[in-house]
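Keep the sequence and the structure side by side as you read. We will go step by step, from a pair of charged side chains to the inside of the fold.

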Amino acid sequence: PNAAKPEKWLTFLSELLEQEDVKTLQQYLGYCLIPTTAAQKMLFIIGEGGCGKSVIGKVAKRLFGLTNIATGKLGDLEENQFQAANLENKLLFIDDDLKTACCKESAIVKELVTSDGHMLLERKGVQAYQGTMYCRLLAFGNQSFNTLHDHSEGAYRRRIILNTKPKPADRKDDKFLVEKICKD
């Protein structure tokens, strides 16, 4: 309760997102700290290139620790039957640059988001098994995740989409911003 406010982090977020979206992001990151998929949501942060979206992912990696994070492409979860097994016992999956091409389906992504803690997983050369699954999904991109064939309400109600503010014309990029935020 006596911890100082993380001023650099809060300033960064206020320049990137609307205030109500900052609260949503903070709530989602808190949700990712506990091993549950009870909220049945995934988070997308969408905005133009160079606005700072990826900083959130880099800070999350430091906050959660690399053993609790998986990284990759959201579309690969649908297209490669073995990818989901890499998320077993992970708190968070981060896709730092959403593909602009559509996936054919979204069944695996929907199952990950709504998993009740167990999911049928496959690894090469190993019999399929029930794995422990509570990994939440966080993705950054210039446009949202789209599927060719799944336009159901179920596919969209699982998504929280935050749109970034435009990059201020006078902003000077700081390649050490993540380090400064994490020290704050």
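**A walk through the model**

Asp-173 and Lys-167 join their side chains in a salt bridge, with N and O 3.3 Å apart. Bear in mind that this is a predicted model. How exposed is Asp-173? Its relative accessibility is 54%. The cut-off for exposed is over 50%, so Asp-173 counts as exposed. Lys-167 has a relative accessible area of 30%, which makes it partly exposed.

How many salt bridges does the structure hold? The count is 6. Another of them joins Glu-179 to Arg-62, and here the closest N and O atoms are 3.1 Å apart. This pair links distant parts of the chain. Glu-179 sits in helix H7 (residues 177-183), Arg-62 sits in helix H3, and 117 residues separate them. Glu-179 is partly exposed, at 32% relative accessibility. Arg-62 is partly exposed too, with a relative accessible area of 48%.

Now look at Asp-95 and Lys-73. Their side chains meet in a salt bridge at 3.5 Å, N to O. These two residues are 22 apart in the chain, and they also link distant parts of it. Asp-95 belongs to strand S3, while Lys-73 lies in the loop between S2 and helix H4 (74-79). Is Asp-95 buried or exposed? Its relative accessibility is 1%. Buried means under 20%, so Asp-95 counts as buried. Lys-73 is partly exposed, with a relative accessible area of 26%.

Strand S3 leads us to the sheet. The sheet is open and has 5 strands. Their order is S2-S3-S6-S1-S7, and the pairing is parallel. Which strands form the edges? They are strand S2 (69-71) and strand S7 (159-163), each of which pairs on one side only. From one strand to the next, the twist averages 20°.

S2 and strand S3 (residues 92-95) run parallel and are joined by 3 bridges. Ile-69 has Leu-92 in S3 as its bridge partner. Helix H3 (residues 53-64) packs on the sheet. This helix touches strand S1 (42-46), S2, S3 and strand S6 (136-141). The direction of H3 makes about 150° with that of S3.

Next comes the inside. The largest nonpolar core has 49 residues. Which of them touch the most other members? They are Trp-9, Leu-25, Ile-45, Ile-56 and Leu-137. Helix H2 (residues 19-32) gives the largest share of this core, with 6 residues. Find Trp-9 in the structure. Leaving out residues up to four places away in sequence, Trp-9 touches Leu-25, Gln-26, Leu-29, Ile-56, Val-59, Ile-181 and Asp-184.

Finally, turn to the aromatic rings. The model has 2 aromatic pairs. One of them is formed by Tyr-28 and Tyr-31. A pair of aromatic rings is described by the distance of the centres and the angle of the planes. For Tyr-28 and Tyr-31, the centres are 5.6 Å apart and the planes make 65°. Edge-to-face requires over 60 degrees, so this pair is edge-to-face. Both residues lie in helix H2, and because they are 3 residues apart, about one helical turn separates them. Tyr-28 and Tyr-31 are both buried.

Technical notes:
Residues are numbered from 1 along each chain as its sequence is written. This is a predicted model: local features need pLDDT of at least 70, side-chain atom pairs count only at pLDDT 80 or more; totals for chains, interfaces and linings use all residues. Side-chain values use heavy atoms; hydrogens and water are left out. Two strands pair if DSSP finds at least two bridges between them. Helices (H or I, at least four residues) and strands (E, at least two) are DSSP runs, numbered from the N terminus. Axes are lines fitted to C-alpha atoms, for helices over the stretch in contact, and angles run from 0 to 180 degrees between N-to-C directions. Contact means heavy atoms within 4.5 Å. A salt bridge is a side-chain nitrogen of Lys or Arg within 4 Å of a carboxyl oxygen of Asp or Glu. Buried means under 20% relative accessible area, exposed over 50%, partly exposed in between (1.4 Å probe, protein chains only). A nonpolar core is a set of buried Ala, Val, Leu, Ile, Met, Phe, Trp, Tyr and Cys residues joined through side-chain atoms within 4.5 Å. Rings of Phe, Tyr and Trp (its six-membered ring) pair if their centres lie within 6.5 Å; planes under 30 degrees apart count as stacked, over 60 as edge-to-face and the rest as tilted.
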